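Here is a short tour for anyone seeing this structure for the first time. Have a look at it below, then read on.

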Amino acid sequence: LNLPLRVKEYAAKIYRQAFRLKLLRGRSIKAMVAASLYYSCRAERIPRTLQEILKFTDSDPRDVRRCYRTLIKELKLRVPTLDPIILVPKYTTALNLNNQIEKTAIKIIKAYSKRYPVGGKDPKGLLAAAIYCACLIHKENRSQSRIAKVIQVTEVTLRSRFKEMMKIIKIPTISA
């Protein structure tokens with residue numbers, strides 16, 4: 001996953017706390033390690049999604065999610081929010097988009113965040129809609145389905161966030 005040492009150490013610290021509190025009883029060790037790693041990535045603001053971490057483990061995704069919720073509840077951890085802005089460079093590169101689109105997507109997310117509460121909304125959904133809006137503004141041809149597939153959100157999520165963003169952004173020659 002190419003993670004910094006501080007993230008790995010923090011994940012190990014969380015895992016050791018879970019071990020001391022006997023939270024591993026009845027749970028998969030691999031799932032708990034993956035959950036600890038995911039939490040440390042989010043807490044340290046490293047842009048890694050749960051899907052990326054799941055690629056490197058053979059644990060059941062449901063077990064990893066359960067372990068993640070257990071860690072947060074039992075260790076009384078604060079749930080870190082994932083800022084969609086930190087994901088922009090990663091996905092604009094994956095979609096072969098230029099820096100102008102990246103900058104515009106960041107501006108769109110910032111404008112959206114000021115106007116609407118983003119808590120509880122999937123950061124990748126906001127990201128997908130912002131990148132789609134930026135593509136429309138710069139007349140870069142990328143379909144909703146391609147953006148949704150690369151970012152790993154549904155087209156429905158992308159469209160619903162796009163409709164919300166259209167209320168604050170004026171895109172030339174495009175109507176919602």
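## How α1 meets α2

Helix α1 passes α2 in a right-handed crossing, where right-handed means the near helix is turned clockwise from the far one by less than a right angle, and left-handed means anticlockwise. Helix α1 covers residues 5-20, and its axis comes within 8 Å of that of α2, crossing at roughly 130°. That makes α1 oblique to α2, because angles under 35 degrees count as roughly parallel, over 145 as roughly antiparallel, 65 to 115 as roughly perpendicular and the rest as oblique. The axes are lines fitted to C-alpha atoms, for helices over the stretch in contact, with angles running from 0 to 180 degrees between N-to-C directions.

From α1, the residues V7, Y10, A11, I14, Y15 and A18 touch α2, including its I29, M32 and V33; contact here means heavy atoms within 4.5 Å. By class, this contact has 13 nonpolar, two polar and no charged residues. Ala, Val, Leu, Ile, Met, Phe, Trp, Tyr, Cys and Pro count as nonpolar, Asp, Glu, Lys and Arg as charged, and the others, Gly among them, as polar.

## The chain and the model

Everything here comes from a predicted model, in which local features need pLDDT of at least 70 and side-chain atom pairs count only at pLDDT 80 or more, while totals for chains, interfaces and linings use all residues. Residues are numbered from 1 along each chain as its sequence is written, and side-chain values use heavy atoms, leaving out hydrogens and water.

The protein chain has nine helices and zero strands. Helices (H or I, at least four residues) and strands (E, at least two) are DSSP runs, numbered from the N terminus. The C-alpha atoms fill a box of roughly 60 × 30 × 25 Å along the principal axes.

## α2 again, now with α4

Helix α2 also packs against α4, at an angle of about 60° and with the axes 8 Å apart. The two are therefore oblique to each other, and α2 passes α4 in a right-handed crossing.

On the α2 side, the residues that meet α4 include A31, M32, Y39 and R42. Their partners in α4 are D63, V64, C67, Y68, L71 and I72. This contact divides into 11 nonpolar, one polar and two charged residues.

## α6 against α7

Helix α6 (residues 99-115) and helix α7 (residues 123-137) pack at about 125°, their axes 8 Å apart. That makes α6 oblique to α7.

Helix α6 passes α7 in a right-handed crossing. I101, T104, A105, I108, I109 and Y112 in α6 meet residues of α7, among them L126, L127 and A130.

## The largest pocket

How much space lies in the largest pocket? About 520 Å³, a volume being the space filled by probe spheres set on grid points, which are joined across faces, edges and corners. On a 1 Å grid over the protein atoms alone, a pocket is an open set of points where a 1.4 Å probe fits, with protein on both sides within 12 Å along at least five of seven lines; lining residues have an atom within 4 Å of a point.

Of the 25 lining residues, R42, L82, K121, D122 and P123 are the closest to the centre. Helices α2, α3, α4, α6 and α7 each give two or more residues to the lining. The lining divides into 11 nonpolar, six polar and eight charged residues.
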